[in-house]
Amino acid sequence: MENCRKIAKQIRIDSLKMTNKARSGHMGSMLSMAEMIAVLYEKILNVDPQNPEMEDRDRFVLSKGHAAAAVYSALAQKGFIPNEWLGLYYCDDGKLMGHISHKVPGVEFSTGSLGHGLPVAVGMAIAARYAKSKRRVFCMSSDGDMNEGSTWEAIMFAAQEKLSNLTLIVDYNQVQALGHSKDVIDLRDLKTKLEAFGWAVKVIDGHNLEDVYEAFSSVPYDDKKPSAVIAHTIKCKGVPEYEDTVKSHYKFIPDEELDAVIKAIEEA
Ligand SMILES: [Mg+2]
């Protein structure tokens, strides 16, 4: 897990530098999933940076596309894209768009508006079954994604089709763009809801690398059901002043604070 710890740390540092340089937001959304993205790319996904279009690769769909910078960092660390690209994230003449884009090697699908990732992931899972492929599909969704009707249609259809090759990961930091989720649309008991919809569910601490690895590496939890991981996380984890805050959704770390914040993450 030591590699995953290093990758997660670098995801945090890159995300904070990228959002600062671009004067853009969503750092809180990036930092809450750093450990999960690290484990996915280091330990779970069957992908090849030398052959990003490999037919039987696993598919990863980031439905919370605004958190793209964290995935771009992981792709750079894995060798899909040059590290230098990160320096022009969301800037003129850069190759990395603010929200995740399939034009970037290693990215399967562009998202931005919430509620699009899981329906597409369901389609990918059905396609894999028709192709008799063992490839798996993982989709990372946010609190806001779980407010969307299209997400729940996909949840129903995936259960109907018994898509055991599909895993939904909910980055359940309980904060979304305009407030804490309990004050916007309360998801309440998400585990019971997903189980009632026909999914097999695990609930984990999304910052505990061992927990994350165990949950991701043991899918499917039932060979006749899609799997869901509800990962309890903290928005903007790693920057105490911004943890669990709504402001971390839109803010970036100001210039005068950046060096100290990065030093604290490096030494953590
Ligand atoms: Mg959230």
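User: What covers the buried residues of helix 9?

Analyst: The cover includes helix 1 (2-22), helix 3 (34-44), strand 6 (200-205) and strand 7 (227-232). This is a predicted model: local features need pLDDT of at least 70, side-chain atom pairs count only at pLDDT 80 or more, and totals for chains, interfaces and linings use all residues. Residues are numbered from 1 along each chain as its sequence is written. Helices (H or I, at least four residues) and strands (E, at least two) are DSSP runs, numbered from the N terminus.

User: Which residues of helix 9 are buried?

Analyst: In helix 9 (residues 209-217) they are L209, D211, V212, Y213, A215 and F216. Buried means 20 or more other C-beta atoms within 10 Å of the residue's own; exposed means 12 or fewer, partly exposed in between, with C-beta atoms placed from the backbone.

User: Why are helix 1 and helix 4 called oblique to each other?

Analyst: They pack at an angle of about 125 degrees, with axes 8 Å apart. Axes are lines fitted to C-alpha atoms, for helices over the stretch in contact, and angles run from 0 to 180 degrees between N-to-C directions. Angles under 35 degrees count as roughly parallel, over 145 as roughly antiparallel, 65 to 115 as roughly perpendicular and the rest as oblique. Helix 1 and helix 4 are therefore oblique.

User: Which residues make that contact between helix 1 and helix 4?

Analyst: Helix 1 gives I7, Q10, I11, D14, S15, M18 and T19; helix 4 gives A69, A70, S73, A74 and Q77. Contact means C-beta atoms, placed from the backbone, within 7 Å.

User: Which residues touch the most other members of the largest nonpolar core?

Analyst: Of its 80 residues, these are I37, A38, V39, L40, A70, Y72 and A121. A nonpolar core is a set of buried Ala, Val, Leu, Ile, Met, Phe, Trp, Tyr and Cys residues joined through C-beta atoms within 7 Å. Not counting residues up to four places away in sequence, Y72 touches I81, L86, Y89, L96 and V104.

User: How do you know whether S63 is buried or exposed?

Analyst: S63 has 32 C-beta neighbours inside 10 Å, so S63 counts as buried. S63 sits in the loop between strand 1 and helix 4. Beyond four places in sequence, its contacts include T111, L114, H116 and C139. The C-alpha atoms of S63 and S113 are 8.5 Å apart, though 50 residues separate them along the chain.

User: What makes the backbone at H26 and C236 worth a look?

Analyst: Each has a positive phi in a residue other than glycine: near 75 degrees for H26, near 60 degrees for C236. H26 is in the loop between helix 1 and helix 2. H26 counts as buried because 26 C-beta neighbours lie inside 10 Å. C236 lies in the loop between strand 7 and helix 10 (247-250). With 29 other C-beta atoms within 10 Å, C236 is therefore buried too.

User: Which peptide bond is cis, and where does P220 lie?

Analyst: The bond joining V219 and P220 is cis, with omega about -5 degrees. P220 is in the loop between helix 9 and strand 7.

Key:
Contact = placed C-beta atoms within 7 Å.
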